[in-house]
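Please have a look at the model on the screen while I get going.

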Amino acid sequence: MPEIVTAAMLVIGDEILSGRTKDKNIGHLADIMTAIGIDLKEVRIVPDEEDEIVAAVNAVRARYTYVFTTGGIGPTHDDITADSISKAFGLPCEYDAKAYALLEASYAARGIEYTEARKRMARMPRGADLIDNPVSVAPGFRIGNVHVMAGVPSIFQAMLDNVVPTLKAGTRMLSATVHCPFGEGLIGGPLGDIQKAHPDTIIGSYPKYGDGKFWTELVVRARSQDALDAARADVEAMVAGFASNPG
């Protein structure tokens, strides 16, 4: 049986919900997860409110193999992700000695004061493992199956590059696309029957419009080539049947 590994993402920050900041991390994570055979099953955007973050973290970490969070681990008062994750796990949030030393050395090398605000970036749940940050030093962290990373896209991507080798990859999803010159209203019923006949596949229907006409892109996904080929053949036969008898 193919191994199914799942993930969820929590995007944390009022600035995302208000529209002041446009998220660029969801698509990147989805691309990376797909490439290594992990199903990104859910994405939630939550405000900078401790109770909301705690509830979301506890909900998704119980359901999925991995959880990835972005945002809220900076030096300001509204960066409360570390505190919230600690509360979700029932652990104290405290300075991590290695993170503290990394930041202290980085600021000293640049002749910048290591203020109390900057020290906040070294706080995390007791026992957490660091996620290296090659861009700006301040690390993310992992506790349980939850990976906590920065919201700045360049830093998030760099952190994720360090996380990926530690993940258990699943069986990659294969896909095939079938062009259908007809609208969903015509093919909906038969396509549903094909999906029922091939339960080991996922068949997506994506309506398109161009040159004054509606058409549909049909995408078949499966974790085995045999299942993919069988479902695709039935979808292609359905399309050919409508083409020869459009009435």
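Some ground rules. This is a predicted model, where local features need pLDDT of at least 70 and side-chain atom pairs count only at pLDDT 80 or more, while totals for chains, interfaces and linings use all residues. Residues are numbered from 1 along each chain as its sequence is written, and side-chain values use heavy atoms, with hydrogens and water left out.

Okay, the cores. By nonpolar core I mean a set of buried Ala, Val, Leu, Ile, Met, Phe, Trp, Tyr and Cys residues joined through side-chain atoms within 4.5 Å. Buried is under 20% relative accessible area, exposed is over 50%, and partly exposed is in between, using a 1.4 Å probe and protein chains only. The largest core here has 48 residues, and F68, F141 and M149 have the most contacts inside it. Strand β1, residues 5-12, gives the largest share, seven residues. Helices (H or I, at least four residues) and strands (E, at least two) are DSSP runs, numbered from the N terminus. A separate core has 18 residues, including F182, V220, A227 and F242. As general background, nonpolar side chains in soluble globular proteins tend to be buried together.

Who does M149 touch? Not counting residues up to four places away in sequence, its partners include F68, I131, F156 and L160. Contact, by the way, is heavy atoms within 4.5 Å.

The axes of α2 (residues 25-35) and α7 (residues 153-163) come within 10 Å and cross at roughly 20 degrees, so α2 is roughly parallel to α7. Axes are lines fitted to C-alpha atoms, for helices over the stretch in contact, and angles run from 0 to 180 degrees between N-to-C directions. Under 35 degrees counts as roughly parallel, over 145 as roughly antiparallel, 65 to 115 as roughly perpendicular, and the rest as oblique. On the α2 side you'll find N25, H28, L29 and I32, and on the α7 side P153, F156, Q157 and L160. That contact has five nonpolar, three polar and no charged residues. For those classes, Ala, Val, Leu, Ile, Met, Phe, Trp, Tyr, Cys and Pro are nonpolar, Asp, Glu, Lys and Arg are charged, and the others, Gly among them, are polar.

Let's zoom in on N25. Is N25 buried or exposed? It counts as buried, because its relative accessibility is 2%. Beyond its neighbours within four places in sequence, N25 contacts M9, T70, A150, G151, P153 and F156. T70 sits in strand β3, residues 66-70, and is buried too, at 2% relative accessibility.

On to the second pair. Helix α8 (residues 184-197) and helix α9 (residues 225-244) pack at about 155 degrees, with axes 10 Å apart, so they are roughly antiparallel. L186, I187, P190, L191 and I194 in α8 meet A231, D234, V235, M238 and F242 in α9. Those residues divide into nine nonpolar, no polar and one charged.

Last stop is L218, in strand β11, residues 213-222. L218 is buried, at 0% relative accessibility. L218 and A176 are 42 residues apart in sequence and 8.4 Å apart in space, C-alpha to C-alpha. Leaving aside neighbours within four places, L218's contacts include A176, I187, L191, V235 and M238.
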